[in-house]
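Dear colleague,

Please find the structure below, handed over for your records. My findings follow it.

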Amino acid sequence: MTIENPARRLAVSEHEKGVLLIVAATLAWSASGVYSRLLTTDVWTAIAWRSLFGGLFLLIPCLFLEGGISRQQWRSVFHPSGLAMIACQTFSQVCFIGALYMTTVANVTMIYATAPFIAAMLGWVILRERVSRRTLIAGGISLLGVAVIVASSIGGGTGVGDLLALGMTASFALVIIIPRINPGVPSLPPTVVSAFLTLAIFAPFGSVGSLDLHNWIVLAAFGATNFSLALVLFLAGAKRMPPAEAALIGTMEIVLTPFWVWLLFAEQPPVATFFGGAIILGAVLWHTAIDVSRSRRPHRA
């Protein structure tokens, strides 16, 4: 007779819960292209008010995560690492929305997929962290895919949008690196401040008069789900499973984001995006699959 270990059953249950949370976060992130195509307002208005709703909705999980809202938590905003996080996140948000307005969703998504490799390179430069040969190879291959996408956009009207996507990716890679410089500095308060700072900077360039009920609803949903809910779901799910598996599930966003836009709006990416995207996706899947395989190997005592 086999007696099931309750602790093991609980562990499996937690893992499955983590998978569901990461999948939900990925689905929320993958809706960014749909939101951007539903908007009928100008880019400055979209940047400003999407940030407002993102910051407002992120205040709610701030009550429960990273120790809750306290004077000490919010004082961390003025720490050099907190200020650096605010600057990078503000720049990343602006580039993200700008890129969605100025190039195809597929281009933005494929270029953004290189963020982990850029973060690894920055970690080597800034923190002197060792970078494995496998990461160097995958990063080099993915950057080749980016070069294919960007080169095809030169003279095609989407080059600026592709460069904005690259700027967004590089700045987000810095957001990944900064908490490792000072692990004690919370990440949520700077994120909230960056959202409100983005509103303050770019609202004067926008047009509140262009916001009808349709745009208000889309911007509120954009900020609530893609900015706030996705982050909270991913953080909750990542605690319940190995990081490599969470990253592997997260790669679904690379495929899903342009797929929704193609399905709903018939947005057809350039041929070069398929070639460059295939190169990037192949590099990401190869690198992440090896991580998953290694994480599942039994550790020797």
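Among contacts in the protein between residues at least 6 apart in sequence, what percentage join residues at least 24 apart? The value is 91%, where contact means heavy atoms within 4.5 Å.

Please note that this is a predicted model, in which local features need pLDDT of at least 70 and side-chain atom pairs count only at pLDDT 80 or more, while totals for chains, interfaces and linings use all residues. Residues are numbered from 1 along each chain as its sequence is written, and side-chain values use heavy atoms, with hydrogens and water left out.

Overall architecture

The protein contains 14 helices and 0 strands; helices (H or I, at least four residues) and strands (E, at least two) are DSSP runs, numbered from the N terminus. Of its 301 residues, 46% count as buried. Buried means under 20% relative accessible area, exposed means over 50%, and partly exposed lies in between (1.4 Å probe, protein chains only).

Helix α3 against helix α11

Two packed helices are described by the angle between their axes and the distance between the axes. The axes of α3 (residues 43–62) and α11 (residues 213–238) come within 7 Å and cross at roughly 45°. Axes here are lines fitted to C-alpha atoms, for helices over the stretch in contact, and angles run from 0 to 180 degrees between N-to-C directions. The angle therefore makes α3 oblique to α11: angles under 35 degrees count as roughly parallel, over 145 as roughly antiparallel, 65 to 115 as roughly perpendicular and the rest as oblique.

On the α3 side, the residues in contact include Trp49, Phe53, Phe57 and Leu58, and on the α11 side they include Trp216, Leu219, Phe222 and Phe227. By class, this contact of α3 with α11 has 14 nonpolar, 5 polar and 1 charged residues. For this count, Ala, Val, Leu, Ile, Met, Phe, Trp, Tyr, Cys and Pro are nonpolar, Asp, Glu, Lys and Arg are charged, and the others, Gly among them, are polar.

Two residues of α11 deserve a separate note. Ser228 lies in this helix, α11, and counts as buried at 4% relative accessibility. Leaving out residues up to four places away in sequence, Ser228 touches Gly54, Phe57, Leu58, Pro61 and Gly223. Ala230 is also placed in α11 and is buried, with a relative accessible area of 0%. With the same exclusion of residues up to four places away in sequence, Ala230 touches Ala25, Ala28, Trp29 and Thr225. Ala230 and Leu27 are 203 residues apart in sequence, yet 8.1 Å apart in space, C-alpha to C-alpha.

The packing of helix α6

Helix α6 (residues 105–112) and α13 have axes that come within 9 Å and cross at roughly 175°, so α6 is roughly antiparallel to α13. Their contact is made by Val105, Ala106, Thr109, Met110 and Tyr112 of α6 and Glu253, Ile254, Thr257, Pro258 and Val261 of α13. These residues of the contact of α6 with α13 divide into 7 nonpolar, 2 polar and 1 charged.

α6 also packs with α8, at an angle of about 150° and with the axes 10 Å apart. This crossing of α6 and α8 is left-handed. Asn107, Met110 and Ile111 in α6 meet Val146, Ile149, Val150 and Ser153 in α8.

Nonpolar cores

A nonpolar core is a set of buried Ala, Val, Leu, Ile, Met, Phe, Trp, Tyr and Cys residues joined through side-chain atoms within 4.5 Å. The largest has 39 residues, of which Trp49, Phe96, Ile97, Val108, Leu219, Phe222 and Ile280 touch the most other members. α3 gives the most to this core, with 7 residues. A second, separate core of 6 residues includes Leu58, Leu188, Val192 and Phe227.

Positive phi angles

Most residues other than glycine have a negative phi. Arg128 has a positive phi of about 60°; Arg128 lies in the loop between α7 (115–126) and α8 (133–153) and is exposed, with a relative accessible area of 67%. Phi of Ala266 is near 55°, also a positive value. Ala266 is found in the loop between α13 (252–265) and α14 (271–295) and counts as exposed at 59% relative accessibility.

With kind regards

Notes
A crossing is left-handed if the near helix is turned anticlockwise from the far one by less than a right angle, and right-handed if clockwise.
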